[in-house]
Amino acid sequence: MIRLSSNTTLFFKLFLPIFYTTVIGCITLYAWLGPDEQFEIVDRESLKWALVAVFILGVTTLFLLCWPLKRVESDDEHVYVSNYFKTVRYRWTSDVASLTSSRFMLLFTIGFLELQGKGSFGKNMFFLLKRSNLKKLKDAFPGLVPEGDHEAT
């Protein structure tokens, strides 16, 4: 079995959202519920609303960008897609329409797995792709991976 997802997927999918929500949420709660003497330097009302805005903006961003990430592994017949709570198996030959990739902010390669029909996680799934593992899969099983029209190299 070859893992196509990067090891950083777990960090972005679980650790970062939990850490951000906990730390910024506690700071926001403290700004709202803490003693007034602690906030003599800054305008407390502005700080409270600014922290609420930062918290909501951050949670929304994490929900849209990190929560949909999947862990993807493959063998010669199946691709296994997991959200770390549930794993689903799809056949390369009959279920997968394409596997494409794209660079994101010059830091990450995002893999897009498109199914023929709707699956448990939807028709389109994305994950942080480790390109060396994709090359390893293509070398081990030539012609297995259906490539889309716009795959980045």
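1. Contact, as used in this note, means heavy atoms within 4.5 Å. The model is predicted: local features need pLDDT of at least 70, side-chain atom pairs count only at pLDDT 80 or more, and totals for chains, interfaces and linings use all residues. Residues are numbered from 1 along each chain as its sequence is written, and side-chain values use heavy atoms, with hydrogens and water left out.

2. Helix H3 spans residues 131-140, and Asn133, Leu134 and Leu137 are buried in it. Here buried means under 20% relative accessible area, exposed means over 50%, and partly exposed lies in between (1.4 Å probe, protein chains only). Helices (H or I, at least four residues) and strands (E, at least two) are DSSP runs, numbered from the N terminus.

3. Asn133 deserves a separate remark. Asn133 counts as buried because its relative accessibility is 6%. Leaving aside neighbours within four places in sequence, Asn133 is in contact with Ile2, Arg3, Leu4 and Ser5.

4. Strand E1 (residues 2-3) pairs with E2 in the antiparallel sense over two bridges; two strands pair if DSSP finds at least two bridges between them. Ile2 stands opposite Ser74 in E2. E2 also pairs with strand E3 (residues 78-82), in the antiparallel sense and over four bridges, and a hairpin of three residues joins E2 to E3. The bridge partner of Arg71 in E3 is Ser82. Strand E2 (residues 71-74) has a covered face, formed by Val72 and Ser74, and an uncovered one, formed by Arg71 and Glu73.

5. A further sheet is open and has three strands in the order E5-E6-E7, with antiparallel pairing. Its edge strands are E5 (96-104) and E7 (122-128), each of which pairs on one side only. The twist averages 20° from one strand to the next, where axes are lines fitted to C-alpha atoms (for helices over the stretch in contact) and angles run from 0 to 180 degrees between N-to-C directions. Strand E6 (residues 108-119) and E7 pair over six bridges, and Gly111 stands opposite Phe127 in E7.

6. The structure holds seven aromatic pairs. Rings of Phe, Tyr and Trp (its six-membered ring) pair if their centres lie within 6.5 Å; planes under 30 degrees apart count as stacked, over 60 as edge-to-face and the rest as tilted. Phe15 and Phe19 form a stacked pair, at 5.6 Å centre to centre and with 20° between the planes. Both lie in helix H1 (residues 8-33), four residues apart, about one turn of the helix. Phe15 counts as partly exposed because its relative accessibility is 47%, and Phe19 is likewise partly exposed, with a relative accessible area of 46%. Ring pairs link Phe11, Phe12, Phe15, Phe19 and Phe108 into a cluster.

7. Two lysines lie over aromatic faces. A charge sits over a ring if NZ of Lys or CZ of Arg is within 6 Å of the ring centre and within 35 degrees of the ring normal. Lys48 lies over the face of Trp32, at 4.4 Å from the ring centre. Lys86 lies over the face of Phe121, at 5.8 Å from the ring centre.
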